[in-house]
Amino acid sequence: MPLNTSAPAQTGEYRPLIVAFCCNWCSYAGADLAGSSRLTYPADVKIIRVPCSCRVNPLFVLKAFERGADGVILCGCHPGDCHYTTGNYYTRRRMTLLFSMLDYLGIERERTRVEWVSAAEGAKFSATMNDFARTIRALGENRKLRDLRCGN
Amino acid sequence: MQKIGVFVCWCGSNIAGTVDVGRVVEAVRQEPGVAFAADYQYMCSDSGQNLIKSAVKEHGLTGIVVCSCSPRMHEATFKKTAAAAGLNPYMVEIANIREHCSWIHKNMEEATEKAIVLARAAIAKVLKDAPLTSGTTEVTKRALVIGGGIAGIQTALDIAEAGFAVDIVEKQPTIGGRMAQLDKTFPTLDCSACILTPKMVDAGANENIELFTYSEVESVKGFVGNFTVTIRKKARSVRADLCTGCGECTEKCPSRKTKNEFNMGMDTRGAIYIPYAQAVPKIAVIDREHCLHFKTGKCGLCERTCSAKAIDFAQEDELVTRNYGAIVMATGFQMIDPSGFGEFGYGKSKDVLTSLEFERLMNAAGPTGGHLVCPSDGRHPKHIVFIQCVGSRDTSGCGKPYCSKICCMYTAKHAILVRDKYPDVSVTVFYIDVRTPGKNFDEFYRRAVEEYGVQYVKGMVGKVTREGGRLKVQGSDLLNDRQLHLEADMVVLAAAIEPDPTARSVASMLTASIDTNGFMTEAHPKLRPVESPTAGVFLSGVCQGPKDIPETVAQASACAAKVIGLLCKQKLVNNACVASSDPLLCNGCSSCEKVCPYGAITYEERELNDKGVRRTARVAVVNEAVCQGCGACTVACPSGAMDLKGFTNQQIMAEVDAICR
Amino acid sequence: MNYYYYPGCTLKTKAKALDASARAAAECLGVTLTEVPEWQCCGAVYPMAQDEVAARLSAVRALLAAREAGVPLVTLCSACHHVIKRVNADMAKNPDLRQKAANYLGLSTPYAGETKVLHYLEVLKNDVGFETIKQQVKHPLTGQKIGAYYGCLLLRPADVMQFDDPESPTMLEDLLRALGAAPVDYDQKNECCAGYLSLTDPAAASRRTRAILTSAREAGAEALVTACPLCQYNLSRHSGGSLPVYYVTELLEAALKGGNGHA
Amino acid sequence: MPETTRETVLRISGTNTRKCMLCGKCSGSCPAYDAMDYRPHQFVAMVERGEIAPLLQSKSLYACMSCFACVERCPRGVQPASLIEALRAMVLREREHTRLPAQLIPELIDAGTPQQAVVSAFRKLSK
């Protein structure tokens, strides 16, 4: 049984596939707090844990889009709060460049996002993911960059 | 051939209530590499762990995935379980199907599907896991404290008491720092010197403490547990082993025009001097810049005076290199120069003082012997105006954006001291807010108002002018809706405090980070307030942020506890998830070195065997004891040589693949 | 040393002495001042209202002329200097104002603050050099106790004007010292004389000038110098002759050439 | 949504009243303080609260000397003088209102009055 959640669900409703990279110290913990506070957000969001947002290689983002992701979001510690002091600044710079390049390639700017979520911001995490999922749903399926060999 | 075991936890109904664990088990059994899958009510319980252990043995598992709560909760537990079963603990991955799944989704179908995807991602990752071993390093059982003020002294004394050797480096000729300059301390009004000098003497006499005064840190190498520090002992031109501190030479010195730093330049000292009577060590020092012998080659009066034959004009700076396990920053603060705020007239009238100058003026050992007189003409003042927040909470450019924290209290202290000793002198304090959080602090401020009749004016001074030999203070009195024009004899500026300027260079030697205001950054502002993000570097006192004496001492002792905790260890276990570079791919570009916040990457010339061809290349080498595993370098690396163990490019790509499948 | 020179209205009428002495001194010092062709009144007050475009235009015209000539624009009157320097900063920093000014003036290339605006004193200090001036002084003002009055407009706001320390300026004193005089420091030298209110509220002007004159006199000043016609008028009117108020350029010319005006 | 009066004042003046920390240094510096009914710090506080009407009636608008002492000395970069100027401009613009009729000028000047004084008075006080 194919479990690709980006395929239309039984109700026929479009379900996007969203990859969220979360840094271990702030955002992943923020997601945990959202969980323990039972603050819901769509199951479309799948979280990958990284030590720091600066661990996210632009290639990971490209890979996600190539494999059919509809949106990619990076979450890190707030500026100045990085566990590794400056990692999130690198992220901000790298992703600014990457996102504008993706935009150029036709992947709408709204499909990519960087957000700062602290370990105390469970509510913000949930709100962010709800908002992002809503945005991606509105944009619809992402076909650019998708490796056609991966389909079916 | 990998054999993976997948263990799906119910967490009672926490997971099983929303996720069909049975379906998850069925689904993961289909995944390549999975040799075993099972579910259990509480995987973290003893019996759950035993289930894992026996499965590892029975099925010869090479890696395990636990689908359970957040790895922040039980990753360590399951790593231990794996280790007990003979597996490398880094062959364990957690799929977070509770916080990130069952707790936030209500629809069982949806939650189950997501749990399966998360499990697959973890399986994909564990298939690419490699056994990791943490390295260990030895710990040098000696600490270095940079700065010999009350913070440094307290930290050093506590470390020494625990039985470890500790050195203090102090750039001044004596330890004691700012606290030695203070007259009384709030809110108890006990004499600063009376409580500080015994500690200075203790530090000087403690056999575990070695003082390097009139010295500076020249260079720092190494990492936590293994720092190598070179200290420059500046030439005192006086032999420490012979000088008795009698002070004869200081009285005879004919060069008397040097501003006395201890009294904030309000009087002068000789070129050969002992900073003050209670100095530790009590050894004279020659200020070569002002010494006639060094300037003209003549004089030498001190040499002829010294019966101990301690004067040594030929003495040279000495470099001492030592190893340390831990380094403490205790570099303290200074007051900003308020000349940038010309409206207050500092530098134009001698009767406009900073609070620290006023402190000396009130001190019995100060330039006036403790008599409160106007510095301009020695007259007895009738009215003193204190201005708070001079350069604090100031974003205009010449000040500091932060609150300096200590000024409200010391100004209340100054006001009380003046009114107590000279009831005929009236005192006005201009304030923006009076901030007195602290034990007995607000009571103290209220005493200034209620018992001592100090006039507190809510408002700010706009201009101080000289008029008729006195000062005129124009300011707002906001609560009474009027502009005041007060005659005053002295104006005291509570100027902002800032980190000592030497902190910056020392911090960069230590690769310890500094915030925009020049204060040292903590590893965590709440939970690790006395540690720097750089392992093995600790923070004591105002170098980390403005604080008063009790807070400084508390932090100094906390800092000592952390240092002792480190020095007690026989060996340090390093983080196993560290960066490592493939020398064959490395092109020596230094990109990784530049982004590393810890200075963990260095370059070495290495002889390589590149597919049978021998070549020498400059390649990146990661010091595993220093690397904290953030991964910034892996992305910066243009050739793909740098990777992060435990979070390799391949592993994260595999997770992305599994999620997007 | 070539500059465009913007004299302003007052220097052509009531403050001719300021203009004449400045030109004479400049000539002595090898500074060539070319009057901006067809300049218009700068408006005398800087419009602090951000949406006020028209009031900025005449300053922009003068600035444009200097941009086209490729030389710095020199001013002398404090008010003109203040207006022109601040409008120049507006044009550099505020794209909205820049575009609107360009529309009004029909510019194809909007004016974006390219011209360097200098006060006459800044030219003396930085381009000629007070040391050079000192060497050229033929009739030093030896022993003359003179207070420098800066007023508001040259100094504030310091981040735009960048003339001198706004609270403790010394440029005029340094020049006076170069001329051989003994400058007197006093604390009201950067406080307002209420010049703008001199017509509508003479009492306020009187209060302010009295404070300034008293402060200067008490510090031992026997004369004041200023670069602003309005300050000069305001201060002299209230000093009742007890403390003469000169234009700084008058003293400069006197020191360089002798005679002329100052005893 | 149309701009509120408060927003208009903030726009025209280009200041941010929220930066104010209520220290009162503006009013401590102001040379025209005693001639004002509302003081510089009150301009900041009242504009921030949207209480503009009383300020438009205020005689302080014509007492301010535009000396920029409050602007220069403010530790937070607020510009009370710009607020006063913005409000004055609003009064003059809206009411076609001239506080200085030209026919009054001859009585106000003397032989030495510089142009600057007349021009600036017009700029400040008439439309």
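Reply: A residue counts as buried if 20 or more other C-beta atoms lie within 10 Å of its own, as exposed if 12 or fewer do, and as partly exposed in between, with C-beta atoms placed from the backbone. Helices (H or I, at least four residues) and strands (E, at least two) are DSSP runs, numbered from the N terminus. This is a predicted model, in which local features need pLDDT of at least 70, side-chain atom pairs count only at pLDDT 80 or more, and totals for chains, interfaces and linings use all residues. Residues are numbered from 1 along each chain as its sequence is written, and chains are lettered from A in the order in which they are written.

Me: Which way do the residues of β1(A) point, and are they buried or exposed?

Reply: In a regular strand the side chains alternate between the two faces of the sheet. Here A:Ile18, A:Ala20 and A:Cys22 point one way, A:Val19, A:Phe21 and A:Cys23 the other, and all are buried.

Me: With which strand does β1(A) pair over six bridges?

Reply: Two strands pair if DSSP finds at least two bridges between them. The partner is β2 (residues 45-50) of chain A, in the parallel sense; A:Phe21 has A:Ile48 as its bridge partner there.

Me: How many residues of chain B are in contact with chain A?

Reply: Contact requires C-beta atoms, placed from the backbone, within 7 Å. By this criterion, 39 residues of chain B are in contact with 37 of chain A.

Conventions
Contact = placed C-beta atoms within 7 Å.
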